[in-house]
Each structure stands twice: as structure tokens, then as C-alpha cells.
2 protein chains.
Amino acid sequence: MKDVAQRAGVAVSSVSRVLSGNPDVSPVMRNRVMDAVAALGYEKDLIAQGMRSGATSSVGFMAVDIANPIIAAASAGAIRELRNNGYSLLISSSDGSTELDADYIRSFQLRRVEGLLLSVADEEDVRTLDALEQFTAALVFMDRAFPRNIKASAVVYDHRSGMAAAVDHLLDLGHRKLALINGAPRVRPARERANAVRQAIRRVKEATVVVRGGSYSASHGYDACKTLMGSASPPTAIIVGGNQILQGVMAALVELGLKVPDDVSLVTLDNVPLAEFISPSLACVTRDPVNMGTLGAELVLELINGGTPRTVELPTTFVRGESCAAPRG
Amino acid sequence: MKDVAQRAGVAVSSVSRVLSGNPDVSPVMRNRVMDAVAALGYEKDLIAQGMRSGATSSVGFMAVDIANPIIAAASAGAIRELRNNGYSLLISSSDGSTELDADYIRSFQLRRVEGLLLSVADEEDVRTLDALEQFTAALVFMDRAFPRNIKASAVVYDHRSGMAAAVDHLLDLGHRKLALINGAPRVRPARERANAVRQAIRRVKEATVVVRGGSYSASHGYDACKTLMGSASPPTAIIVGGNQILQGVMAALVELGLKVPDDVSLVTLDNVPLAEFISPSLACVTRDPVNMGTLGAELVLELINGGTPRTVELPTTFVRGESCAAPRG
DNA sequence: CTGAAAGCGCTTACAG
DNA sequence: CTGAAAGCGCTTACAG
């Protein structure tokens, strides 16, 4: 910038004014500066800018597992939207550790991000909440609930409608004993799914549902499925609350020699690649993950530019498949 | 830091020395400073530190599509390794645009990252290469070739061994007309796969292979598969060079009413989730993507700490599956 | 409309 | 071993 000023024969403060779009500059000055900028191929040092003005043009992204396809898609959406607005994305992956969540929030603060998109591993973790209360930049939760005292925007999925449609379909087929093999109830999506299923089941008096919460892991799916199907009164339909969980459920069903949908109907979550080549085709509740990232980025930019916090809801959709059929008998 | 100095009754320069682990500090000084740090919960401002010393403790990650499972897994590995060393990751996703590649490289430079892990979209793009020559921080290529004049480390896959094993298997089964539906030849992995297949085929004199390069997209897979199978002398076995491509190939085969492996054998790339429930099971060439990220991070840290550039090779493995059988006839 | 000066929060020679 | 001072590359009141 000093070089630019020298070449243009003006003061650095004038160069700064031109480059930051200050309206109080003469056209002559602007031209001379822009010529020098072009000649030198100059670009502003973002660290120095961030240091002085606080405008680091960076946003943080915090999720449990960046390798999870839903999260990866959301991050891609966020990157695109932020890039179009001159912002960069600092990314983290807590691997489910609540300590890392809290650490990352503080670390993002120390890097002076202007905003943070986050999916915490545990909505009630004290250290995480402490760190969030100290956090001063813009905050946008991705499909998470958060305490009233925290000022933040949010983008959430309407898990209820998708789940209700799935349950309705199963009830219509004649199922009366359902099971939901669910993720951790300490985060919003799992809670919403459980509530939705419990509520939707009420339409039919004699229908029951057992909800088994646990981690978002194959082993949880495996164990829960074995326990459920081995019980005195096994479910005739299983709703699976996560991709990882599904792996375990499928493995357990194979081991038990149970056929889908002959022995048990199955509803899964989110499309998996090549799902159309799995036989039977899998009924599932889907959503648009890229959009979550794009919207999250829009909301965080809105807050950075002085907007007021708001929550946006995204739909989920139930898609029928051969994995759901009338129960035997 | 001023507050810490005041509370400890020492100069800020001394606080700085203590916190940066300078050995020339008395134990008394160290204790007083650390007490004040603990009492105030002080942590260093990373922007200011980066501004002054250039040590931003940040690394960039640039790939074509962060939502691609292979890339997402690699980024997760890199994040973990970098986090353990006090580094943060700035992430980008060029969506295959070579202009964005060049822009991102410059942008990372302006953010003064200490290093960059990258998979460029086009190894020969002039703007990208220009940007790379200007780049002054540590550089680690992920499965990409790069010109001699660029000093960089690299982590690459040994695609040849996996591909050769796949071809050997197909030849052993009796296949003589193979096809490789490949990705873009402007990046290393596609080139390596093509070379490996062409070389491995030589073992059997009358064996031939046709290689169809293109984009890493479903539409390329679909078009190439339709063309190949509709030709006068269609292949009896297809090797698919990418996940996205596979989607299109599978769709085309379904449309053509061709059964795997009865009508054509199939070898795919990388495990897909729930692959074990796809019938027939898919033979594939696999690799460990997380490890690519972990190693990439190790190499970049090595360079940052003054190490010399080096290249590490990671294996690929051929896994048999029901999708490969003897050709009809 | 423009320039000189102060300062963002650190680090690092330089004295002592 | 410790402190006072300069400076990293910007931005922003403050004069003029």
C-alpha cells in the first residue's frame, strides 16, 4: 500500500480511502490510485485490515463431523455463498467432543471471525454454552436449539412434517408396532424426530412406537436393532434416524436373516448415493443439505451487516420406497 | 496483554517472551505472568500475532469439491492433525473452476496462511500455475503433479497397483475387451489410471482397452457407457474412474437393460456407503482418504518448520466383488 | 477533498 | 534477565 501511494504520489490514507470505497475522494485521486493498484497488482493485506478494523472477512464453521455427507454438503453451500461476498471460511470438526466444541468457539473468537455457523455436539453442555455467551460475533445455529439469552439466527429443518408423513404411510399400510432407532436426544434433530413420531402415532389408538436414542453410530444401530427384533413383541416397521445408524441396522437385519420389507419395513434418513440400485429401494425422509449451508451463510452475512436475528425453517420430505410394505399376518 | 502486564507488574515485552516460550526468562517472571494470565483468562490475539510475526497458525485447503466424500474425508484428517498442532484450516471449494483455483491461491496468500494443501482442478492451467509461482508459503499437493520449478511436498496415491490388480483379475476371468470410463486427464489420478490400465493390458496380446476421458460427472458416465455399449464391438468389462461417473454408468446400464455381471463386468472406485447391500457386490479399487489429509497436514507442518519438500505415496487396493465374472460366450 | 499522525495487539532487536 | 521503543500494514478521527 505504501508502494501504491508512492507510485500514485499520494498519501497512504488516500489509497486506503479509495480502496475501501469511501465516497469522499475526487475522481482524479481515484483514477491515479487505481492505476497504481493495477500497475503493481496490489491487493490488500487481509490480516492487517482485520487487525486494524476488525473486519477479518472470515466466518467459522463448526460441526460434529465434516466428513458426514450432510455436513460436507452444507459446508459447500456456505463456502460458495461466502465466497461471493468476499468472505473465507474457517472450518472445524469436533468429532463429537464437547470440549473441542468449546475450544473451537474460543479459537474462532481469537481469530476474530466476524461470524460463526455451528452445529454443537451437545446443546446443553455447560462449557459450550459458556463459550457461546462470551462469543461476541454473529452466531447462526444449524439445526440446533439454543437458550433465549443467546442472540443468534438459526436455520432449522422441519423434521416433523417428513417424519409424520412417514408414520402416516406406515400406519396406512397397517403397521401398529413401530420403532425409531434415533440419534442423540441432546440435539434438536433427534428430539424433533422423536416428538414427531410420538405425535403422529396417536392417529391410530392401538399403534405404539418405541424410541431408542443413542449415538449417531453404526454400533448403536446394530445393538438397537438386535434388541428390538429379539424382544417379545418386535416392531413391524423401523424408522432409522441417521446414515451411520442405518449401516448398523442393515447389518443386524442381515445377521438376523430378516428380509425387508417381508419381515420388517424400513424408513431411512437422507438419500444415499446409488440408493436406486439397492434392492428393495429405500423409503426415506430427505432434505436439502446444501441449502442449509447457503441459507446459514446468508443469515450470518445479514447479522454481520447489522440485521436482527431470525430463524428460517427448511422442509423435509417423505419419499416412498419398496422397503415399506404391509406387515405380515 | 497490556492487562496481563499491568496485573503482573511487568512490561508487555516480558509477557510476550513468557507466552512465546522464550528461554531467557526468570522463573519468578514466568510465574508472575502465568498467574496473571490464569487470573484474567487471557489468550493471545492470533490476528495481531499473525500481523507482527507472520505466524498466523493457519493453513489453507483447496479442492475441487469439498462435498465429494473423498475430499471431505481428507479434510477431516487434515483438520484433526492441524488442530493437534495449534493450526486452523481455511477451506475452499473451486467447483472445478480454474479461475477460482487461482483466485483462492491468491486469497490464501493475502490471508497469510503458513501453508496450503491443494488439489487443483487443472494441473496445466496457466493462471493457476502463475498464482502458485507467486505463492510464498509451504505447498503440499494432494494427488496432483506439478512443475519442477515449484518447490512443494506431495502426497499421492499409487493408482497403478490397484488398477493393475483390477485389470489382471479381469484378464484372468477371460475378458479381452475392456473399457475405462475415466475422469479428466488434466489431473494426475485420471492419467495414472489410464496409464496403468494400458500397461497392464499388455500382458495378454489380444486384449484391448478403450479409455474415455471426461469430467467427473454422472452425465459423462452415462454418455460414455451408452456409446461404448452401443458400439460394434462393446467391451465385456468396464472400469469406472469415479463415484459421480459410476452413477451415470449404472443408470445407463439399467436403461440398456444390461445386467452386471451377466452382460458386462464392472469395477468401481472407492467404497460407497451401504455398498454391501447393493447386489451384485461391487468390485472396486479403494484407498484411505482420511490418511491423505492427515499426511498432507504432517507434510505441510514439516515444511513450515523448515523441512525439505518430499513426496509420500499411499497405496490403493483392488477388492474383488460379484460385479466381475467371466464374459459370456 | 487530502495528508500527517495515532493506534489496532502483538514481537523483536536494542540497550542496560 | 528485563524494559522502552519501533514497527508489522492497515484505518480513522483530526486538521487543514
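Residues are numbered from 1 along each chain as its sequence is written, and chains are lettered from A and ligands numbered from 1 in the order in which they are written. Because the model is predicted, local features need pLDDT of at least 70 and side-chain atom pairs count only at pLDDT 80 or more, whereas totals for chains, interfaces and linings use all residues; side-chain values use heavy atoms, with hydrogens and water left out.

Two copies of a chain are related by a rotation about an axis and a shift along it.

DNA strand D is surrounded by 24 residues, of which Met1(A), Ser16(A), Arg52(A), Ser26(B) and Arg52(B) are the closest; a residue is near a strand if one of its heavy atoms lies within 4 Å of it. Sugar or phosphate provides 57% of the atoms of DNA strand D within 4 Å of the protein, and bases provide the rest. An N or O atom in the side chain of Arg52(A) is 2.3 Å from a base oxygen of DNA strand D, and one in the side chain of Arg17(A) is 3.4 Å from a base nitrogen. A polar backbone atom of Ala11(B) lies 3.2 Å from a phosphate oxygen of DNA strand D. Two or more residues of this surface come from each of α2 (12-19) and α4 (46-53) of chain A and α2 (12-19) and α4 (46-53) of chain B, helices being DSSP runs (H or I) of at least four residues and strands runs (E) of at least two, numbered from the N terminus. The largest share, five residues, comes from α4(A).

Around DNA strand C there are also 24 residues, and Ser26(A), Arg52(A), Met1(B), Ser16(B) and Arg52(B) come nearest. Of the atoms of DNA strand C within 4 Å of the protein, 58% belong to sugar and phosphate. Base nitrogens of DNA strand C lie 2.9 Å from a polar side-chain atom of Arg52(A) and 3.2 Å from an N or O atom in the side chain of Ser13(A). For DNA strand C, the largest share of the surface, five residues, is supplied by α4(B).

No disulfides (cysteine sulfur atoms within 2.5 Å) were found in a search of the whole structure. The sulfur of Cys324(A) is 9.8 Å from the closest cysteine sulfur, that of Cys284(A), which is too far for a bond. Cys324(A) is buried, at 9% relative accessibility (buried: under 20% relative accessible area; exposed: over 50%; partly exposed: in between; 1.4 Å probe, protein chains only).

Notes
Polar contact = N/O pair within 3.5 Å; in protein donor to acceptor, adjacent residues only side chain to side chain.
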